Amino acid sequence: MLHTLKNEILTVTVEDYGAELKSIKSSMNGTDYLFDGDPKWWRYTSPVLFPIVGKLVGGKYRAEGREFELPQHGFGRISNFTCIRETVDEITFQLNWSSETLKVYPYKFQLEVAYILKSNKIEVIWTVRNVDDKDIYFSIGAHPALKCPILENESFEDYYLKFNVAENSSRILLSPSGTLSHERIPTIDGNELNLNYDIFKSDALVFDNLKSDEISLCSRKGSKSIKIRAKGFPFWGIWTPAQGGAPFLCIEPWLGHADFDDFMGDIAEKDGIIKLLVSESFDAGYTFIIEE
């Protein structure tokens, strides 16, 4: 089921399945700012990554003395959420642990995903609650696919990323299996990174050393832009399919990341993992800012 938030600037739709943001459109002129999920390229639009981000070595991990399997980015993006609150400018979805989730993730949790529309901004707020009788471990992240190019008379190569702090940053290279290697190469020098499909031939650009907490997708031919603001996120991914030609770019703030390819699999020792104590809750979020 689709739900709609609308004001005089933006019209936003969100789906129960995955609590996934499905569209961001200008209320004034209908401009689309989010990829439409064409399965030719990628069947998602803005999935919630939970309880892991990225891939596990061999697709497996260990917890509570047992071995489990999880797909890339976890099960949040392929789960049916329940809408628990809805107004004209705010909607909240909830996912609870179940006998099925316990088969792949041995922790009792409650995950809420809220979308709040304010003027030209969409705030996304995640709340994770530990409802178990033991500490739980998780990661969570965003994967929004921003339309690129935004307008039909533009190309992907007309776009660049703008960082709100000057960077001198290297990226972590991915292994062929999709996990992280320990090899890095310099990638960003300054406040801008010009886009072209070739830089994604070896998969996503993964960073753990950015100083910026705002990354904007901007055009050199037009004034429309999309900014992702994510304060306190230690990891970022930038991705479009390696084959090139896809009409979108993902700007992904993460709390967690894929396994390093030599990781031994104990979730409690995983780099970037979040430990949540019994009865405690964890809040984080990020914001879309649309500039017309």
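# Reading a predicted fold, feature by feature

User: What volume does the largest pocket have?

Analyst: The largest pocket has a volume of about 330 Å³. Among its 21 lining residues, Gln72, His73, Leu174, Asp203 and Ala204 are the closest to its centre. The general idea is that rolling a probe the size of a water molecule over the atoms shows where empty space is left. Here a pocket is an open set of points on a 1 Å grid over the protein atoms alone, where a 1.4 Å probe fits, with protein on both sides within 12 Å along at least five of seven lines; lining residues have an atom within 4 Å of a point. Points are joined across faces, edges and corners, and the volume is the space filled by probe spheres set on them.

User: Which classes of residue make up the lining of the largest pocket?

Analyst: The lining has 10 nonpolar, seven polar and four charged residues. Nonpolar covers Ala, Val, Leu, Ile, Met, Phe, Trp, Tyr, Cys and Pro; charged covers Asp, Glu, Lys and Arg; the others, Gly among them, are polar.

User: What should I know about the model itself?

Analyst: This is a predicted model, in which local features need pLDDT of at least 70 and side-chain atom pairs count only at pLDDT 80 or more, while totals for chains, interfaces and linings use all residues. Residues are numbered from 1 along each chain as its sequence is written, and side-chain values use heavy atoms, with hydrogens and water left out.

User: Is threonine 287 buried or exposed?

Analyst: Threonine 287 counts as buried because its relative accessibility is 13%. This residue lies in strand 22 (residues 281–291). Leaving aside neighbours within four places in sequence, threonine 287 is in contact (heavy atoms within 4.5 Å) with residues including Lys121, Ile122 and Glu123.

User: Where is arginine 129, and which side chain does its own side chain meet in a polar contact?

Analyst: Arginine 129 sits in strand 10 (residues 121–130) and is partly exposed, with a relative accessible area of 28%. Its side chain makes a polar contact with the side chain of glutamate 112, at 3.0 Å. Such a contact is a pair of N or O atoms within 3.5 Å; within protein, one must be able to donate a hydrogen and the other to accept it, and residues adjacent in sequence count only if both atoms are side-chain atoms.

User: What is there to notice in the backbone?

Analyst: Most residues other than glycine have a negative phi, and most peptide bonds are trans. In this model, a cis peptide bond joins phenylalanine 50 and proline 51, with omega about 0°. Another cis bond joins cysteine 148 and proline 149, with omega about 10°. Proline 51 lies in the loop between strand 4 (48–49) and strand 5 (60–63).

User: Which phi value does alanine 19 have, and where is this residue?

Analyst: Alanine 19 has a positive phi of about 45° although it is not a glycine. Its place is in the loop between strand 2 (10–15) and strand 3 (20–26), and at 0% relative accessibility it counts as buried. Serine 119 also has a positive phi, of about 55°, but is partly exposed, with a relative accessible area of 40%.

Technical notes:
Helices (H or I, at least four residues) and strands (E, at least two) are DSSP runs, numbered from the N terminus. Buried means under 20% relative accessible area, exposed over 50%, partly exposed in between (1.4 Å probe, protein chains only).
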